[in-house]
Amino acid sequence: MTPVTIGPATLHLGDAYTLRPALGFHDADVLDPPYLIRATGGGRYRKRRPMMDQIVAEQLHTGFDMAIVNPLLCGAAIVFAHNDQLAQLLSLAQGQFHRHALCVWQKTNPQPIANKHYRPDVEFYVHAWNRGYHPAGDLAELLRVSRITSPRGPARFGHPTTKPDALMTKILANVRGQSVCDPFMGTGSTGVAAIRAGKRFTGIEHNPAHFETAVARITAAVAELERADAA
Ligand SMILES: C[S@@+](CC[C@H](N)C(=O)[O-])C[C@H]1O[C@@H](n2cnc3c(N)ncnc32)[C@H](O)[C@@H]1O
């Protein structure tokens with residue numbers, strides 16, 4: 001499948017595990033992969049969560065294979081993971097990268113559900129880097145905790161787990177270098193933030209509907225940047 005090129009962005013419709021190794025070195029890989037989630041239970045509230053039905057229908061609750069995080073293909077990796085894959089992810093960061101930090105997205109609007117666990121009021125990501133690719137940004141940007149509202153309604157772009165623009169903008173401010181790859185692009189939130197940060201972006205997504213959303217969002221981000229440059 002021929003990739004779609006939009007200014008400094010190249011978007012691939014296909015399988016991340018097949019395509020990512022062929023796309024070569026990027027300064028940073030930013031991964032928001034399918035989380036390993038127990039999609040059962042939830043009691044009465046579960047019935048009012050059609051989002052969870054979409055997560056199951058799109059197999060977004062099955063976790064991911066961490067072999068896709070390859071320190072030979074990226075200077076740094078920023079990887080989201082749900083609770084049950086976090087220990088494995090930290091072990092990978094410890095074993096394969098020079099240094100790493102555990103960072104937290106604290107949601108200001110967590111779902112009113114606990115499901116025999118804690119409420120989903122935080123999501124974790126690990127920023128792991130090799131020498132020369134340590135976190136970028138000024139002191140105000142080098143904080144590990146971000147308090148940001150989770151997208152609801154149209155801000156989800158038809159995807160059940162869209163990351164908020166404000167979070168991805170913060171994360172991209174901590175990325176050193178010029179080239180960013182997101183192998184689980186979804187609706188293109190990483191790409192939008194990368195383009196706004198003036199970086200080159202490579203994205204992969206296997207769901208055609210989400211891919212088309214990413215194409216539209218990144219096209220708009222590139223046009224916005226071109227208008228700003230022309231002004
Ligand atoms: C957690 S979502 C990413 C959401 C994204 N950060 C956003 O804000 O829209 C993970 C995405 O990876 C995609 N995906 C899952 N397995 C994949 C694979 N093997 N190859 C490519 N894409 C995959 C899913 O379709 C889903 O859109």
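Biologist: Which elements each supply at least two residues of the lining of the second largest pocket?

Modeller: In this predicted model, those elements are β5, β6 and α5 (165–173). The largest share comes from β5, which gives 4 residues to the lining.

Biologist: How much space lies in that second largest pocket, and which residues are the closest to its centre?

Modeller: The space in the second largest pocket is about 250 Å³, and of the 16 residues that line it, Ala101, Cys103, Trp129, Pro135 and Arg144 are the closest to its centre. Sorted by class, the lining has 9 nonpolar, 3 polar and 4 charged residues.

Biologist: In what order do the strands of the sheet lie?

Modeller: A sheet is read from one strand to its neighbour, and strands pair if at least two bridges are found between them. Here the open sheet of 9 strands, with mixed pairing, has the order β1-β2-β9-β8-β3-β4-β6-β5-β7. Because β1 (4–6) and β7 (145–148) stand at the edges and each have a single partner strand, one side of each is left without a neighbour in the sheet. On average, neighbouring strands of this sheet are turned by 15 degrees against each other, with direction ignored.

Biologist: In which sense do β3 and β4 pair?

Modeller: Strand β3 (residues 26–31) and strand β4 (residues 74–81) are paired in the parallel sense, over 5 bridges, and in β4 the bridge partner of Val30 is Ile78.

Biologist: Which strands does helix α4 touch, and which does helix α7 lie across?

Modeller: Helix α4 (residues 83–96) packs on the sheet and touches β4, β5 (99–107) and β6 (122–129), with its direction at about 15 degrees to that of β6. Helix α7 (residues 208–230) lies across β1, β2 (9–13) and β9 (200–205), and runs at about 170 degrees to β2.

Note on methods:
Residues are numbered from 1 along each chain as its sequence is written. This is a predicted model: local features need pLDDT of at least 70, side-chain atom pairs count only at pLDDT 80 or more; totals for chains, interfaces and linings use all residues. Side-chain values use heavy atoms; hydrogens and water are left out. Axes are lines fitted to C-alpha atoms, for helices over the stretch in contact, and angles run from 0 to 180 degrees between N-to-C directions. Contact means heavy atoms within 4.5 Å. On a 1 Å grid over the protein atoms alone, a cavity is a set of points where a 1.4 Å probe fits but cannot get out, and a pocket is an open set with protein on both sides within 12 Å along at least five of seven lines; lining residues have an atom within 4 Å of a point. Grid points are joined across faces, edges and corners, and a volume is the space filled by probe spheres set on the points. Ala, Val, Leu, Ile, Met, Phe, Trp, Tyr, Cys and Pro count as nonpolar, Asp, Glu, Lys and Arg as charged, and the others, Gly among them, as polar.
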